[in-house]
Amino acid sequence: MKRKTGRTFQKLHCFSFCVTFFCSLVLISCSEEQGNWTAVQQEGEYIYGVWHSTTLKRAEQAIQEVFDNIRSTTTLPTESLTMEDVGQTNISPEFLLPSDGEILDWVQSLSPSTYEGKTLYRYRAAEPDLFYAYGFQRQAEVEYQTPRFGSKPLILLEIFDMDTPENALGIYNFHIYPQVKFEWVGSKAILSGGYLRFSKGKYFIQIEGYEFATGIREAMILLAKNVAARIKEPASEPRILTLLPSNKMSGSVKLFRSNWALRQIYSTLPVNVPQLSDTAIGVSARYRDNPNLKNWVDARIVFIIRFPDASTAESVYTLYRDSVMEAALPLEGGTTGPILVNEPLAP
C-alpha cells in the first residue's frame, strides 16, 4: 500500500512538473508570439508605451527601459513645459530678417509680410493646420533676389514664432526622415529638396530656393546662419527626450502637442490611443525589432507623454483603458500593470 502511495505521489509530482513546464512554455511562447503589440503604462505624470511591436517581449522590455529612465530622473528638479529661457530671444520675427546687402549682393524683393493667428497662408496654397497644431503665433516672410541671377525673386525666407522651443522643435522634427542631409548653421538644419529648415529657441525657420543652383543654395545657407546668429538661445532639447530608450533609428525622433499632430506623424496608429490635454507634450521614436528591417515605417514606435500632474495622467490612462475594453480588444495585464493589446493587423 505504501509503495502504491509512493508511486501515486511520483505520478502526481511528475504531472505537476509537466503542467508547470507546459505553462512556462506557454508564457515564453506568448512573449515571443508574433503580432502587432501595443503596451501602455502610467507612472506619475507620464503615460508611455509602445506601438507596433512584433512581440510582446520586446514591448515589455521597451516600457521597462522607459520606466527605469523615469525613476532615475525623479530626483532632478521638475521640468516645466518650456525649456530654460537662458539668453532668450523674444522679438517679433520680422526683426530677425536680414536686411539688404547683409548676404553678399542679395536684397529683399519687396517689403516683408507678416501674419498672425488664423491669417497664416490665407492667400497661399500652403497648409497652415500643422503650424496651428504646434502653437503658431506670428510669421514674417520676405523674398530675396540678386543681380547675378537676373534680379528676380529666387529665395523665400519665412520665420515663425511658435511660442515655445518645444513647439518649434516639433515642427522641425516633423520634416526629418532617415538619411536626410544636414547643414550646421548655428543649429542643425535640414537640407531637403529646395528647402532648408531649422529651429532655434521658439522660432522655426524655413528657407525655400525657387531654382537649383549652387549660388542660390549657398545664399540660403548664409541667410540661415545670419538668422541663427540673431537668436541667442544655446542649442538644447527638452529633457523628456532623454527618457526614450537608446538605439533610436536615425531621423525618427518626433515631438507632438495634440492627437491630430500625432496622427499626421503616424498614419497607422491603433484606433485607441491616450488623449493629450492642451498642456501635455509627447515624444516618440522608432526602433528596429529586426536589424535587417529595410522599411523604416514598419519599425516599432516608443512614445512618452507628459501631463502637468499625476492626477491628469491617471485620468487619461483610465479613459484609455476603458476605451480599449469597450472595443473588445484582447486585453492583458492587471489593474496595476501595463495595458497589453495585440492589435488587429492592417488589411
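Visitor: What are the ground rules here?

Guide: The model is predicted: local features need pLDDT of at least 70, side-chain atom pairs count only at pLDDT 80 or more, and totals for chains, interfaces and linings use all residues. Residues are numbered from 1 along each chain as its sequence is written, and side-chain values use heavy atoms, with hydrogens and water left out.

Visitor: What is the mean pLDDT of the chain?

Guide: pLDDT is the predictor's confidence in each residue, from 0 to 100. The chain has a mean of 84, and 80% of its residues reach 70 or more. Over residues 1–31 the value is below 50, and this stretch has 4 contacts (heavy atoms within 4.5 Å) beyond near neighbours in sequence. Residues 76–86 also stay under 50; there the model has 21 contacts beyond four places in sequence. Where pLDDT is low, the predicted coordinates should not be read in detail.

Visitor: How many helices and strands does the chain have?

Guide: Both are DSSP runs, numbered from the N terminus: helices are H or I with at least four residues, strands are E with at least two. This chain has 7 helices and 15 strands.

Visitor: Which sense of pairing do β7 and β8 show?

Guide: Two strands pair if DSSP finds at least two bridges between them. Strand β7 (residues 181–184) and strand β8 (residues 188–192) are antiparallel, with 4 bridges. Phe-182 stands opposite Ile-190 in β8. The two strands form a hairpin with 3 residues between them, and Gly-186 in the turn has a positive phi of about 105°.

Visitor: How many salt bridges does the structure hold?

Guide: A salt bridge is a side-chain nitrogen of Lys or Arg within 4 Å of a carboxyl oxygen of Asp or Glu. The structure holds 7. One of them joins Arg-71 and Glu-43 at 3.0 Å, N to O. Arg-71 lies in helix α2 (residues 56–72) and Glu-43 in strand β1 (residues 34–43), so the pair ties together parts 28 residues apart in sequence.
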